[in-house]
Amino acid sequence: MRSSKVIHVVSCHAEGEVGDVIVGGVAPPPGDTLWEQSRWIAQDETLRNFMLNEPRGGVFRHVNLLVPSKDPRAQMAWIIMEPADTPPMSGSNSLCVATVLLDSGILPMTEPVTHLVLEAPGGLVEITAQCRDGKAEKVEVRNVASFADKIDRWIEVEGIGSLQVDTAYGGDSFVIADAQQLGFSLHADEAADLVTTGLKITHAANEQLGFTHPLNPEWSHISFCQIAAPVSHESGVATATNAVVIRPGKIDRSPCGTGCSARMAVLHEKGQLKVGERFIGRSIIGSTFDCRIEGQCDMEGRPAIIPSLAGRAWITGTHQHLLDPSDPWPEGYQLSDTWPRDLT
Ligand SMILES: O=C(O)[C@H]1NCC[C@@H]1O
């Protein structure tokens, strides 16, 4: 056996969504800030292609690269690689990273509760992990500032017609559409149709509404479409199922932490969820994130919230990815039979 690289991975999923973690074998990329380092990974593409493309990856996969933190308040930083983007923040991936850091002993675990500060490219997040017998059983993430952008706006969507949507940021950027209006009940057997519809809505929202983060103009597109069921109340707690469509074409198996944060920002803006109130997000496979509006802040003159999300993650294995120097596809390949063509 021979290899020109050895990338050590602890594989993980959070409430159903894969979030593998590179724990060794990759040097930190250049950049003065974590955001700059994440832009380097996005533009260079070598690591993204090696890890995400076939034959090592697939469109279902997200990969997180651990790097030393730039901010002295954080114990560790990480760069998130998703199939279409290298985003500022991710809920399910932050749960996987915190779980791998604690369960594999990279950072010390204190039972029954471990507190961490982690640095995502989009900002610091505070972790509170409930730990027992060497396992982080439930992880809460205090997310970056989240805000509603455009409320109750009409867009024209190919094959659908006029559709009323909201846009919001919850660590990543969303267009949020009503599942009932679109005729979806958000059952797992609708997954393929949800993807087709969600990609069209994301495409239309990017063309007709757009998005630019007020503090980071480099994040200037809408990443995801969240097809969201109306809020109901279970034992007095606001609850809603969602299907978040991830480009180039898959559904988040988790309830999507950045999506729940964006939804809470919209609900807060509409006066339907107050500071201190809980929101339970449910995914298409029935997994849940227990979320809350922790506080309010100001985002360049517009109201924003500080959301939290809590869920569970499990390590599924370890892997060492190798590259034989004679392999003619060092960056792998994507084919549209399993890797949909991106409409946006
Ligand atoms: O939980 C989240 O925020 C994410 N899950 C996969 C795509 C999003 O980043």
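A: Start with burial. Buried means under 20% relative accessible area, exposed means over 50%, and partly exposed lies in between, with a 1.4 Å probe and protein chains only. Asn93 has a relative accessible area of 0%, so Asn93 is buried.

Q: What kind of model is this, and how are residues numbered?
A: This is a predicted model, where local features need pLDDT of at least 70, side-chain atom pairs count only at pLDDT 80 or more, and totals for chains, interfaces and linings use all residues. Residues are numbered from 1 along each chain as its sequence is written, and side-chain values use heavy atoms, with hydrogens and water left out.

Q: Where is Asn93 placed?
A: First, the elements. Helices (H or I, at least four residues) and strands (E, at least two) are DSSP runs, numbered from the N terminus. Asn93 belongs to helix 3, residues 91-103.

Q: Which residues does Asn93 touch, leaving out those up to four places away in sequence?
A: Contact means heavy atoms within 4.5 Å. Asn93 touches Val18, Gly19, His62, Asn64, Trp78, Ile80 and Glu82, with residues up to four places away in sequence not counted.

Q: One of those was Asn64. What is the bridge partner of Asn64?
A: Pairing comes first: two strands pair if DSSP finds at least two bridges between them. Val21 is the bridge partner of Asn64, which is in strand 4. Strand 3 and strand 4 (residues 63-67) are parallel, with three bridges.

Q: Which way does strand 1 run against strand 3, parallel or antiparallel?
A: Antiparallel. Three bridges join strand 3 to strand 1, residues 6-14. Val9 stands opposite Ile22 of strand 3.

Q: Is strand 3 mostly covered or mostly open?
A: Mostly covered. Strand 3 spans residues 20-24, and four of its five residues are buried. As a general idea, side chains in a regular strand alternate between the two faces of the sheet.

Q: Now the whole protein. How many helices and strands are there?
A: The protein has six helices and 19 strands. Its radius of gyration is 19 Å, close to the 20 Å that the globule rule gives for 344 residues, so the protein is as compact as a globular protein of that length. That radius is taken over C-alpha atoms, and the rule is 2.2 Å times the number of residues to the power 0.38.

Q: What share of the residues counts as buried?
A: Of the 344 residues, 54%. Among contacts with a separation of 6 or more, 64% are between residues 24 or more positions apart.

Q: Where are the cis peptide bonds you can show me?
A: Look at omega. The bond from Glu54 to Pro55 is cis, with omega near 10 degrees. Pro55 is in the loop between helix 2 (46-52) and strand 4. Arg247 and Pro248 are also joined by a cis bond, with omega about 5 degrees. Pro248 is in the loop between strand 14 (237-246) and strand 15 (250-251).

Q: What about phi?
A: Asp152 is not a glycine, yet its phi is positive, about 50 degrees. Asp152 lies in strand 9, residues 147-157. Its relative accessibility is 39%, so Asp152 counts as partly exposed. Cys256 is not a glycine either, and its phi is positive at about 65 degrees. Cys256 is in the loop between strand 15 and helix 6 (257-269). At 4% relative accessibility, Cys256 counts as buried.
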